[in-house]
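Hello,

Here is the structure I promised to pass on. Please open it first, then read my notes below.

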Amino acid sequence: MIKKWEILFDYVDTTRDGIVDIEEMMSYPNRLVSEGKQERGKLLGDILSETWGRMCEANNLPREHASLTKAQWVIGRRALTKTDWFRKTYVPTLATIHFESLDRDHDNTITLDEWRTYKHKRGVTDDAAIQSAFKRLDLDGDGIISQEEMTHAITQFCIGEDPSDDYSFLYIVH
Ligand SMILES: [Ca+2]
Ligand SMILES: [Ca+2]
């Protein structure tokens, strides 16, 4: 449980200084807005602001505290997973937005090429790893990732307790 939250921390900590600040946390919704997706950016921004506030509170910090260390981040994520809000609001919203942003041609499926484009942007270049991750996501083996398959992966990552059904590879950066 702790390991996957550390992986997510490294994913969000783009400056690699061992601290996630509020700007890094909000960079994804801000990017959506700058790409013209105002509505999606606003929705995700609201969700991540609430996430940030709750993670700060779990560390006895004010909601608007500007940065979290990795240890504080793990405490915050563990507290979040115990809440209904996380299961019912955060997880489905994140899954939908993540799916939409990977589905670049908007045909409601994610192809291997779309998955590869996403991983390349995150600095992953090992094509065997990219393909094996794609196969893990493609539960029914039809060669594409559906919205349901992505939602399963994000849900398992966020709230799954089964270590044999681990989706940390979604967020591994190299
Ligand atoms: Ca597509
Ligand atoms: Ca599939």
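**What I found**

D103 is buried, at a relative accessible area of 4%. Here buried means under 20% relative accessible area, exposed means over 50%, and partly exposed is in between, with a 1.4 Å probe and protein chains only.

Before the rest, some ground rules. This is a predicted model in which local features need pLDDT of at least 70 and side-chain atom pairs count only at pLDDT 80 or more, while totals for chains, interfaces and linings use all residues. Residues are numbered from 1 along each chain as its sequence is written, chains are lettered from A and ligands numbered from 1 in the order in which they are written, and side-chain values use heavy atoms, with hydrogens and water left out.

**The calcium ion, ligand 1**

Which residues hold the protein donors of this ion? They are D103 (OD), D105 (OD), D107 (OD), T109 (O), E114 (OE) and E114 (OE). These atoms lie 2.2 to 2.4 Å from the calcium ion. Donors are N, O and S atoms within 2.8 Å of the metal, or 3.2 Å for Na, K and Ca; water is not among the atoms, so sites may look incomplete. Along the chain, the donors follow the spacing D-x1-D-x1-D-x1-T-x4-E.

The site of ligand 1 is irregular, with angles of 54 to 152 degrees among its six donor atoms. Four donors count as tetrahedral if all angles lie between 85 and 135 degrees. Four count as square planar, and six as octahedral, if opposite donors are over 155 degrees apart and all others between 65 and 115; anything else is irregular. For reference, ideal angles for six octahedral donors are 90 or 180 degrees.

T109 is buried too, with a relative accessible area of 16%. H106 is exposed, at 61%. H106 lies in the loop between α6 and α7. Its phi is positive, about 55 degrees, although H106 is not a glycine. Most residues other than glycine have a negative phi.

**Helix α7**

Helix α7 covers residues 112–121. Helices (H or I, at least four residues) and strands (E, at least two) are DSSP runs, numbered from the N terminus. The buried residues of α7 are E114, W115, R116, Y118 and K119. What covers them includes α1 (2–12), α6 (84–102) and α8 (127–137). After α7 comes G123, with a positive phi near 90 degrees.

**The calcium ion, ligand 2**

The protein donors here are D138 (OD), D140 (OD), D142 (OD), I144 (O), E149 (OE) and E149 (OE). They lie 2.2 to 2.5 Å from the ion. Their spacing along the chain is D-x1-D-x1-D-x1-I-x4-E. This site is irregular, with angles of 53 to 158 degrees among its six donor atoms.

Is D140 buried or exposed? D140 is exposed, with a relative accessible area of 54%. E149 counts as buried, at 6%.

**The largest pocket**

The largest pocket has a volume of about 710 Å³. On a 1 Å grid over the protein atoms alone, a pocket is an open set of points where a 1.4 Å probe fits, with protein on both sides within 12 Å along at least five of seven lines; lining residues have an atom within 4 Å of a point. Grid points are joined across faces, edges and corners, and a volume is the space filled by probe spheres set on the points.

The pocket is lined by 32 residues. Y11, Y28, R31, H98 and R122 lie nearest its centre. Helix α6 gives the largest share of the lining, six residues.

**Helix α4**

T51 is found in helix α4 (residues 38–58). T51 is buried, with a relative accessible area of 0%. Not counting residues up to four places away in sequence, T51 touches M25, R77, L80, W85 and Y90. Contact means heavy atoms within 4.5 Å. The C-alpha atoms of T51 and G76 are separated by 8.8 Å, and these residues are 25 apart along the chain.

R54 is also found in α4. R54 is partly exposed, at 26% relative accessible area. Leaving aside neighbours within four places in sequence, R54 is in contact with R63, L80, T83 and W85.

Best wishes
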